[in-house]
Amino acid sequence: MTNFSTPEPPGADNVIVQEIGKRTNTKLNIQWVSSNNYAEKTKVTLASGDIPDLMFVLDPFDPLVMQMAKEGAFWELTPELMKAYPNLSAYPTAVWENSKMQDGKNYGIPAVRPMGGWSFINIRKDWLDKLGMKMPETMDELLETMKAFTYKDPDGNGKQDTFGLAGNQGSFLFEPLFNSTQGKWKLKDGKLAHIYLEPQTRDAILYEKKLYDEKVIPEDFAVLKLSQFEDMAKSNKAGMWVDTVEASWRPTEELRKTNPTADLLPMTYLVSPEGKKMAYQWRGFNGIFLIPKKVSEEKLKTILQLMDYGSSQEGTDLAWYGFKDVHYTEKDGIKLATEQAKKDIVSQSALGKIFSRDEKYLWAYRTGMPADVFERNKKIVDAREPYLVGDIGNGLFSETASKFGAEIDKKVDDLRVKVIMGKEPISAWDDLVQNLSKDQNFQAIIKEVNDSYQKRIAGK
């Protein structure tokens, strides 16, 4: 079971699915689930106990996943076991380390991705040029740019029908950014502080409320799906969109069908209100592939052989690009997808979700991308390196969070949206923070995460 981001997933009779099966002597039965509701489907599937032989999970540190791992629901992938699979065991040490769970063990195959080039703001460079504006750096400059993209007719159609920002409902970006961190935790005086309690988070929510009040984000931002944000970027309706460096080409390619100068440019960094130049660093994997203990040891090895092939040069090239001169042509090192590739759903957003290899510029390249765009993207990946901020809370475990964390997060998210939309005053957020600071479960989460952090740094 895995997710997909193409309009339709490959079918069982797909030519590349069949070829992978042939080359690995494997009969593949893939259950494809849309990225729009994959997290929900994951929880339902895990809770049912009817787990596929190989199952992708986006968040291996979800309390349910960690609890099930602790109870022995999945195969442990020990270093000794993985020695037999050269491509998988060659993943960077940081990838295997970052995907370890609370007991310091690996319970899944990391879906390896680069540390750099991850999701951040992609901005319409052609709109900046048309309006005579420079690349924004501070949060104030970002807001002014969003307002210009909304009100100064950057697409030149004489209508006020564009938005400054579309992307991940904003919270992905701003709460951590205002705290000069990534994720829910920040290092403060040698300990981990939860950003829910930090005054910078309150500032971020007021900033997001300003975006809503100024109408530079969609009024229904809280209920839009990820694919709908991308659709806004593709249809010339948004000046900024949040995704990886290479993903910026997807809307750009669509826009250039009618506007040859359209250009979504990945930003190198933003300056947090605390003065830190930063962009987000990825943990080195997009999720992990779990293998439940119901799978026999013999079949476990077959699955690992399949995934090892999939992380080879041959395997990933087949999954990502298909057959040369059928699904792609190649010139000057750039692969150009053919119409047949679209018909056969050959894409990094389909089978490329399953098979991947360690490659620094993976998030800089997409099939069909012009050579100049690829070269520019590589430079952006390199330029971001000094400013990358990782998630310090990655992989830290709290027993209490496994029981109450989701409930607390939902309460916080619901109130945050209400404050942004003006349905609750900011004082309601202050009251929530005050309550959380006294809440026994929330305080237990903070203590347990800090205990986990101390064990981690002691083990280094």
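Modeller: Before we start, two strands are said to pair if DSSP finds at least two bridges between them, and helices (H or I, at least four residues) and strands (E, at least two) are DSSP runs numbered from the N terminus. This is a predicted model in which local features need pLDDT of at least 70 and side-chain atom pairs count only at pLDDT 80 or more, while totals for chains, interfaces and linings use all residues. Residues are numbered from 1 along each chain as its sequence is written, and side-chain values use heavy atoms, with hydrogens and water left out.

Colleague: Fine. Which residue in E11 stands opposite valine 271?

Modeller: Lysine 277 is the residue opposite valine 271, and the two strands involved, E10 and E11, are antiparallel to each other and share two bridges.

Colleague: And in the hairpin of E10 and E11, which residue takes a positive phi?

Modeller: Glycine 275 does, with a phi near 90 degrees, in a hairpin that has five residues between the strands.

Colleague: What order do the strands of that open sheet follow?

Modeller: The order is E10-E11-E15, three strands with mixed pairing, and strand E10 (270-271) and strand E15 (388-389) are the edge strands, each pairing on one side only. Strand E11 (residues 277-280) runs parallel to E15, with two bridges between them, and tyrosine 280 faces valine 389 of E15.

Colleague: What about the sheet with antiparallel pairing, what is its order?

Modeller: That open sheet also has three strands, ordered E3-E12-E4. Strand E3 (55-57) and strand E4 (108-112) are at its edges with a single partner strand each, so one side of each has no neighbour in the sheet. From one strand to the next the twist averages 30 degrees.

Colleague: How many bridges join E4 to E12?

Modeller: Four bridges link that antiparallel pair, with glycine 108 opposite leucine 290 in E12. On the other pairing, E3 and strand E12 (residues 285-290) are antiparallel over three bridges, and phenylalanine 56 has phenylalanine 289 in E12 as its bridge partner. Helix H2 (residues 38-48) packs on this sheet, touching E3 and E12, and its direction makes about 125 degrees with that of E3; touching, or contact, means heavy atoms within 4.5 Å.

Colleague: Is E12 mostly covered or mostly uncovered?

Modeller: E12 is mostly covered, with five of its six residues buried, where buried means under 20% relative accessible area, exposed over 50% and partly exposed in between (1.4 Å probe, protein chains only).

Colleague: Moving to the helices, at what angle do the axes of H8 and H10 cross?

Modeller: Helix H8 (residues 139-151) and helix H10 (residues 199-213) cross at roughly 15 degrees, and their axes come within 11 Å. Because angles under 35 degrees count as roughly parallel, over 145 as roughly antiparallel, 65 to 115 as roughly perpendicular and the rest as oblique, H8 is roughly parallel to H10. Axes here are lines fitted to C-alpha atoms, for helices over the stretch in contact, and angles run from 0 to 180 degrees between N-to-C directions.

Colleague: Which residues meet there?

Modeller: Met139, Leu142, Leu143 and Met146 of H8 meet Tyr207, Lys210 and Leu211 of H10.

Colleague: And which residues have the most contacts inside the largest nonpolar core?

Modeller: Phe174 and Leu304 do, in a core of 126 residues, and helix H17 (residues 399-420) gives the most to this core, with seven residues. A nonpolar core is a set of buried Ala, Val, Leu, Ile, Met, Phe, Trp, Tyr and Cys residues joined through side-chain atoms within 4.5 Å. A second, separate core has nine residues, among them Phe229 and Met232.

Colleague: What is phenylalanine 174 in contact with?

Modeller: Leaving aside neighbours within four places in sequence, the contacts of phenylalanine 174 include Met139, Leu142 and Met146, as well as Tyr207 and Leu211.

Colleague: Last one: is isoleucine 121 buried or exposed?

Modeller: Isoleucine 121, which lies in strand E5 (residues 120-124), counts as buried because its relative accessibility is 0%. Not counting residues up to four places away in sequence, isoleucine 121 touches several residues, including Leu142, Leu173, Trp241 and Leu270. Isoleucine 121 is also 8.7 Å from threonine 268, C-alpha to C-alpha, although the two are 147 residues apart in sequence.
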